[in-house]
Structures are given as C-alpha cells and as structure tokens.
Amino acid sequence: MKLAIVPGDGIGKEVIPAALSVLDATGLDIEKIPLEIGYGKWERTGSAITDEDISIIKECGCVLFGAITTPPDPNYKSVLVRLRKELDLYANIRPFSPLTTVKLPCAKKFDFVIVRENTEGMYSGVEELQENAAYTTRVITRRGSERIAERACALAKTRKNRVTIVHKANVLKSDTFFRDICIEVAKRNGISYNEMLVDSMAYDLILRPERYDVIVTTNLFGDILSDEAAAIAGGLGLCPSANTGDRYALFEPIHGSAPDIAGKGIANPIAAILSVKMMLEWMGRTEEAGCIGRAVDSVLRQGTATPDLGGSQSTAEVSGAVAKLVKRIQKR
Ligand code: NAI
Ligand code: MG
C-alpha cells in the first residue's frame, strides 16, 4: 500500500509528522511517498503543484494532506481545489461529534456529519476578473448533485435514515435545482429529509446541533458551516475530514496552515491524527482506526493537550502520548 504525504505549509508541516508517528505506531506496512506541494514551493519554483505530483498521487491512490496557504493573489490557484477536481474527490465528509473529554462552548451532545459537494458550486474555477467587476460562476450540475446526494443517503443508511438538505433556494436558482435533485435522490433511497436555508442553518447549528444527523450541501456552504461546526465541537484543531471520490481519497484536518501559530510547535495534532483514523477506516483497517480513537480520548482525558484546548503540551508531546497508547492498546 502506497500513501502520498503532503504536509504543505505552516502547521501542516508540524501536524503531519505528528500524525505519521501515530500511523507508524499501528505497525501497518504502508509505504510513504513524501511530496512537496504548496505555497512554499510556489515561492521557490513558481509552481505550487506539478503534473508529476498529480501523477504520483494518482499512482498512490490515497493522500494524507496537511494544509496549504492560499494567498489572496489572483495569479495563485488553490492547490486543494485543483486536487479535488483532478482526483474527482466529489464528497467531502466532515464528522462532528465532540470528544467526551473536551470542554465545549455550548454543553450539548450532538453527532452529525456534513457531506459537502467538493468539485463545483462557488469553487467551480469559472471566474473572470475585469477592471470594474469580478465574476465567479456558481456551477451546479445534475451529475454533481446526484452523486453527492447519493453519498449522503448511503451514509444516512448507516446512521438514522435521514438527511437535512441545506441550500438558499429562496434566492438562488442553482439551489432550487440542487434541492430538487437531493429530494429526488432521498425519495428514491427511502431516506427521510428536511430542508434548511443556509442562513437559518448557521443559526440553528449553534442553538440546536443535536437535531441534525447527515447534512448535505453545496461547496461553499459546506466549507463555512463546517468551520462553524468545528467551533461548537471544541475547535478547528480537533476536526478531521475525508475527501473521497470513486477512485481516490484525500484525508486532511479541516483547518488551514494557521500562520499565526506556525513554527511554535503548539498546533493541535488531533485533527490530523483523526484524519489518519478516517483514512484507516477507508482502507478497511477498522481495528487500528478504533485504537487511534480510543488513544486520542484517553490522552485528552489525562489532560495532555495543546494550548488551544487549555493545555500546555507541544504538538509532539500530544502525538507522542497518542502513539505510545496506540502501541499499548494493540499489545493487549
Ligand atoms: P486556519 O484554519 O489556518 O486558522 C484559523 C484559526 O484557528 C487560527 O487562529 C489558528 O491558529 C487556529 N487553528 C487552526 N488549526 C489549529 C490547530 N491544529 N491547532 C491550534 N489552533 C489551530 O484558517 P485561516 O487563518 O483562515 O487560514 C490560514 C491559511 O490557511 C490561509 O492561507 C488559507 O487559505 C489556508 N487554508 C487552507 C486550508 C487547507 O489547506 N485545507 C483550509 C483553510 C484555510
Ligand atoms: Mg475551510
């Protein structure tokens, strides 16, 4: 099994080695292919990602990804948007269920998954910058909507058989289209559904997160709602994600490169470690994935945590404690 490793920029370079030490602790025989991709490479070479990088990633089939800085420079194209398109990683799966050991801003139990369309919508890349106006085309296709709705329904079948469709169909025609297709797919699958307008969803997610189970939505809305969900689940440093298509998969923490804390050795590695857990589940290694989940819970329960969670440990200390525990759990 080959795995492409893309630490990226900023804290990506800190949390990915930390997460790899936990992967190594599982003892799985996975060949790692490190790749330099990102803003740092762009500054150095004028190219953030090359065609060769893409073909190596395709050969591996699976990527563990840190985070990449995207400067607001019109000449710089987002690497992740390109990767999601080239690998056709159309489903971005973002689970949010707070770890029992983490202090939450609103003390409520919840467990939901955001299923975000990942290849079109506002991130279609169809854009035009003119002198006095700028245009971004929001592309919603039947195929794109059907397959993300199918993915959400498949997930719902393993959970509570219901989905919430999030859109802004009262204003956007493209969302009337998206909503209607999602409803069609839900009915076809025998999944019950409800709808929420994205703005009231943003409000309700904070007040009543326990009402939701599988949430399906378009690209930009899913991006924004998942950072909001991270806030109620204890912080960006805890939340993993899976970008999956029919052939390839990319696993990454949902946070970015966090330039404000990069280089200090204090980034929370849990989101990256839980991304490894999601990757192992995707690979069918559920036992090892389960070990990682239990180890993370115990380490946090012991109070071993980075400053974002109120602790005083470093990135390496937290991942070291998780890795040690994974080894111990596996010996039992
Ligand atoms: P960010 O997610 O990097 O940081 C937001 C806030 O959360 C910061 O205060 C940061 O210190 C904190 N934070 C994030 N991850 C943390 C962790 N593991 N431990 C402790 N604290 C953590 O978002 P921001 O600042 O808006 O973006 C920074 C750069 O990252 C930008 O260039 C942006 O384009 C890029 N970005 C990349 C993503 C990716 O590669 N998937 C996703 C989001 C942003
Ligand atoms: Mg985001």
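What share of the contacts in the chain with a separation of 6 or more comes from residues 24 or more positions apart? In this predicted model, such residues account for 74% of those contacts. The legends below start with the whole chain and then go to single spots.

**Figure 1. The whole chain, with its 11 helices and 12 strands.** The radius of gyration comes out at 19 Å, close to the 20 Å that the globule rule gives for 332 residues, so the chain is as compact as a globular protein of that length. If you boxed up the C-alpha atoms along the principal axes, you'd need roughly 55 × 45 × 35 Å. Buried residues make up 52% of the 332 residues.

**Figure 2. Helices α9 and α10 packed against each other.** Here we're looking at α9, residues 270-282, and α10, residues 286-301. Their axes come within 7 Å and cross at roughly 160°. An angle over 145 degrees counts as roughly antiparallel, and α9 and α10 are therefore roughly antiparallel to each other. The crossing of α9 past α10 is left-handed. From α9, the contact takes in I270, I273, L274, V276, K277, L280 and E281. Facing them from α10 are T286, E288, A289, I292, G293 and V296. Sorted by class, that gives eight nonpolar, two polar and three charged residues.

**Figure 3. Helix α1 meets helix α11.** This view pairs α1 (residues 12-25) with α11 (residues 315-331). The two axes come within 8 Å and cross at roughly 10°. Angles under 35 degrees count as roughly parallel, and α1 and α11 are therefore roughly parallel to each other. This time the crossing is right-handed, with α1 passing α11. On the α1 side you'll find E14, A18, S21, V22 and A25. They meet T315, S319, V322, A323, V326, K327 and Q330 in α11. The tally by class is six nonpolar, four polar and two charged residues.

**Figure 4. V102, a buried residue in a loop.** Find V102 in the loop between β4 and β5, the latter being residues 112-117. Is V102 buried or exposed? The relative accessible area of V102 is 11%, and buried means under 20%, so V102 counts as buried. Set aside the neighbours within four places in sequence, and V102 is in contact with A233, G234, L238, L300 and L309. For a sense of distance, look across to T244: V102 and T244 are 142 residues apart in sequence and 28 Å apart in space, C-alpha to C-alpha.

**Figure 5. D88, a loop residue with a positive phi.** Most residues other than glycine have a negative phi. D88 is not a glycine, yet its phi is positive, at about 50°. Where does D88 sit? D88 is in the loop between α4 (79-86) and β4 (91-96). With a relative accessible area of 26%, D88 is partly exposed.

**Figure 6. A258, another residue other than glycine with a positive phi.** Phi of A258 is near 40°. To find A258, follow the chain from β12 (249-253) into the loop that lies between this strand and α9.

Methods: Residues are numbered from 1 along each chain as its sequence is written. Chains are lettered from A and ligands numbered from 1 in the order in which they are written. This is a predicted model: local features need pLDDT of at least 70, side-chain atom pairs count only at pLDDT 80 or more; totals for chains, interfaces and linings use all residues. Side-chain values use heavy atoms; hydrogens and water are left out. Axes are lines fitted to C-alpha atoms, for helices over the stretch in contact, and angles run from 0 to 180 degrees between N-to-C directions. Helices (H or I, at least four residues) and strands (E, at least two) are DSSP runs, numbered from the N terminus. Angles under 35 degrees count as roughly parallel, over 145 as roughly antiparallel, 65 to 115 as roughly perpendicular and the rest as oblique. A crossing is left-handed if the near helix is turned anticlockwise from the far one by less than a right angle, and right-handed if clockwise. Contact means heavy atoms within 4.5 Å. Ala, Val, Leu, Ile, Met, Phe, Trp, Tyr, Cys and Pro count as nonpolar, Asp, Glu, Lys and Arg as charged, and the others, Gly among them, as polar. The radius of gyration is taken over C-alpha atoms; the globule rule is 2.2 Å times the number of residues to the power 0.38. Buried means under 20% relative accessible area, exposed over 50%, partly exposed in between (1.4 Å probe, protein chains only).
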